[in-house]
Amino acid sequence: MSAPNPISSLQSDPIEATASTSNTSETPSAFGGTFWRVFLSTFVTIFLAELGDKTQVATLLLSAQSRSPVVVFLGAGLALISTSLLGVLLGQWLAKRISPSTLDTCAGILLLLITIGLIGDIVGQ
Amino acid sequence: MDFQLFIVSFITVFVSELGDKSQLAAIALGGSSPSPKAVFFGSASALLLASLLGVLLGESTALLLPKKLVKGLAALGFGLLAVRLLWPEPEGLDL
C-alpha cells in the first residue's frame with residue numbers, strides 16, 4: 001500500500017530540520033520544543049477522547065465478529081490516519097484563508113464545543 | 001489477507017470518524033498550531049493506539065478505565081486547548 005503523496009509531502013523534510021515549514025505564526029522557540037509540546041498535548045487529548053468513542057467500539061465489534069483483528073486494525077488504522085490527515089490539511093487550508101487571530105478564535109470555540117459535548121456525555125450517562 | 005474485511009473496516013471507521021470529535025480537533029489544532037505536523041502525528045498515533053487497544057483488549061477496554069473518568073479527562077484536555085487558543089498567555093501562543 002503506497003502512502004498517498006500528501007503524507008510523503010508532510011514527511012518530506014526530516015522532523016529535526018531547524019526551519020519549520022508551517023506557515024502560521026512562527027514561534028521562535030527551538031523547533032524540537034514546539035513539536036514535542038504540540039505532539040504530546042494533541043496525543044493525550046485525542047487519545048482520551050477516543051477511548052470508548054464510537055469508532056473504537058466499531059473497531060472492537062468488527063475484530064470480535066471477524067476474529068481477524070489484524071485485518072480490522074489495518075483497515076481502521078488506515079482510515080484513522082486518513083481522517084487525521086484530512087483534518088490537519090483542512091485546518092492548514094483554512095489557515096491560508098482566514099487571519100490567524102480569527103482562526104484561533106474559531107478553533108478555540110470549536111474545541112470549547114467539543115469540551116461541552118464531552119461534559120454532556122458524562123452528565124447524560 | 002481478507003481484503004473484503006479490510007475494506008469494510010476502512011469504510012466503517014472512515015465514515016464514523018468523519019466529523020467526529022477527534023477530526024474536528026485535528027482541524028482546529030491543525031489550523032492554529034505552529035507545528036501542524038506534530039498535530040497530525042499526535043492525532044494519528046493517538047487514534048492508532050486507541051484502536052489497537054480496542055482490537056486487542058476487545059470489550060474489556062471499557063473495564064480498563066471508567067468511562068466517566070476518561071471522558072472527564074478528555075474534556076479537561078480539550079478545555080485547556082480551547083482556553084490556550086481563546087486567551088493565549090501574554091508572551092504569545094506557545095501551543
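Predicted model: local features only at pLDDT ≥ 70, side-chain atom pairs only at ≥ 80, totals over all residues.
Helices here are DSSP runs (H or I, at least four residues), as strands are (E, at least two), and both are numbered from the N terminus. The axes of α3(A) (residues 54-66) and α1(B) come within 9 Å and cross at roughly 165°; axes are lines fitted to C-alpha atoms, for helices over the stretch in contact, with angles from 0 to 180 degrees between N-to-C directions. That makes the two helices, α3(A) and α1(B), roughly antiparallel (angles over 145 degrees; under 35 is roughly parallel, 65 to 115 roughly perpendicular and the rest oblique).

A second pair joins the chains through α5(A) (residues 100-124) and α2(B) (residues 21-32), whose axes come within 9 Å and cross at roughly 155°. These helices, α5(A) and α2(B), are therefore roughly antiparallel as well, but their crossing is left-handed. Among the residues of α5(A) that take part are A:Leu103, A:Ala107 and A:Leu110, and the α2(B) residues include B:Leu24, B:Ala25 and B:Ala28.

Chain B itself has five helices and zero strands. Of its 95 residues, 54% are buried (under 20% relative accessible area; over 50% is exposed and in between is partly exposed, with a 1.4 Å probe and protein chains only). In α1(B), the buried residues are B:Leu5, B:Phe6, B:Ser9, B:Val13, B:Phe14, B:Ser16 and B:Glu17. At the start of α1(B), a side-chain oxygen of B:Asp2 reaches to within 3.1 Å of the backbone nitrogen of B:Gln4. Just after this helix, B:Gly19 takes a positive phi of about 80°.

On the other chain, A:Thr45 lies in α2(A) (residues 31-50) and is buried, with a relative accessible area of 5%. Leaving aside neighbours within four places in sequence, A:Thr45 touches B:Ala74, B:Gly77, B:Phe78 and B:Leu81. The side chain of A:Thr45 also reaches the backbone oxygen of A:Ser41 at 2.6 Å.

Residues are numbered from 1 along each chain as its sequence is written, and chains are lettered from A and ligands numbered from 1 in the order in which they are written. Local features need pLDDT of at least 70, side-chain atom pairs count only at pLDDT 80 or more, and totals for chains, interfaces and linings use all residues, while side-chain values use heavy atoms, leaving out hydrogens and water.

Note on methods. Polar contact = N/O pair within 3.5 Å; in protein donor to acceptor, adjacent residues only side chain to side chain. Left-handed = near helix turned anticlockwise from the far one by under 90°. Contact = heavy atoms within 4.5 Å.
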